[in-house]
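Biologist: I would like to learn how to read a helix pair. Could you walk me through one?

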Amino acid sequence: MTPVQTEPTTAPTPAWIESLADRSDIVDDAVLATLLVERGAALGTMLRREPLERIRKTSISDIVTAADHAAEEEIVAALTALRPDDGILGEEGAARESRNGRQWIIDPIDGTYNYAHEIGNWCSAIALRDNDGGLLGAVRRELTDETWVGGVTADGRPSTQLNGRLLTPMPDLPLEQICLATYLHPARIGDPNVLEPWLAAARGPATIRVLGSGSCDLAAVATGRLGAFMQSGTADWDWYPGLALVLGAGGHAQVLHHRGYRWHLAGGERTVRALADLLTGA
């Protein structure tokens with residue numbers, strides 16, 4: 001995987017897509033994924049300079065903005081032009097059936113609450129899954145000028161880069177030595193079937209952080225800044241982009257069902273195993 005040379009990302013949509021189509025390296029999915037999340041994050045940054053309408057979806061914390069819609073529309077337009085046979089699943093409603101067993105999963109602005117309230121932990125994220133078992137992810141965090149891209153090929157070869165630099169394999173530390181990124185929605189705190197397992201697992205690590213962006217969290221796990229990720233009911237667009245990065249960095253992941261809830265875990269292998277044991281033991 002070679003570093004991606006980018007074009008200006010705020011040109012009008014037709015000109016931007018034409019510039020992508022003219023690139024000789026655009027046949028490389030990793031190149032395309034990188035350019036798409038850079039476009040999404042650049043649009044988010046540009047639109048955030050103006051007054052921003054926030055539309056409530058399911059709760060005060062679950063909102064959508066014009067930037068979410070604009071970034072998803074741009075990314076979908078590029079995929080329609082450049083990968084017309086691939087399927088699409090977007091957080092803001094974009095959907096297209098795959099004709100070739102490949103599917104792009106789009107989170108145009110992940111951490112929208114943070115984004116809308118000028119909290120820096122937000123990103124643009126995308127993943128590509130295929131029927132052969134390959135998984136590719138890309139995450140762009142504009143505030144820190146960081147772009148992650150990586151995953152595992154169909155034959156199991158892992159690789160994740162940060163700004164073109166290959167990440168070293170993740171450390172596999174004991175649970176009691178790591179920082180856990182997690183989240184528990186306030187609406188679920190009253191349900192013992194989710195609260196009790198969460199509390200049991202959250203007592204295991206050295207410390208925890210609730211940062212508000214699954215893809216940012218998982219990118220930090222892949223980079224070794226955080227030790228592990230744990231969350232229940234994670235949506236595909238909050239899971240697959242960062243999952244690809246973790247797996248590409250030599251990490252481990254598990255999705256398990258316990259007491260009526262689905263849990264997503266990622267980190268070093270023994271960290272994930274310890275979290276799973278604590279969760280399922282409660």
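Modeller: Gladly! Here α2 and α3 are roughly antiparallel to each other, a label used for angles over 145 degrees. This is a predicted model, where local features need pLDDT of at least 70, side-chain atom pairs count only at pLDDT 80 or more, and totals for chains, interfaces and linings use all residues. Residues are numbered from 1 along each chain as its sequence is written, and side-chain values use heavy atoms, leaving out hydrogens and water.

Biologist: What angle do the axes of helix α2 and helix α3 cross at?

Modeller: Axes are lines fitted to C-alpha atoms, for helices over the stretch in contact, with angles from 0 to 180 degrees between N-to-C directions. Helices are DSSP runs of H or I with at least four residues; strands are runs of E with at least two, both numbered from the N terminus. For α2 (residues 29–48) and α3 (residues 66–82), the crossing is roughly 155 degrees, and the axes come within 9 Å.

Biologist: Which residues make the contact?

Modeller: Contact means heavy atoms within 4.5 Å. Among them are L36, G40 and L43 of α2, and A70, E74 and A78 of α3. The residues of this contact divide into 12 nonpolar, two polar and two charged; Ala, Val, Leu, Ile, Met, Phe, Trp, Tyr, Cys and Pro count as nonpolar, Asp, Glu, Lys and Arg as charged, and the others, Gly among them, as polar.

Biologist: And how many bridges join strand β14 to strand β15?

Modeller: Strands pair if DSSP finds at least two bridges between them. Antiparallel β14 (residues 252–258) and β15 (residues 261–267) are joined by seven, with Q254 partnered by L265. They form a hairpin with two residues between them, and R259 in the turn has a positive phi of about 55 degrees.

Technical notes: Angles under 35 degrees count as roughly parallel, over 145 as roughly antiparallel, 65 to 115 as roughly perpendicular and the rest as oblique.
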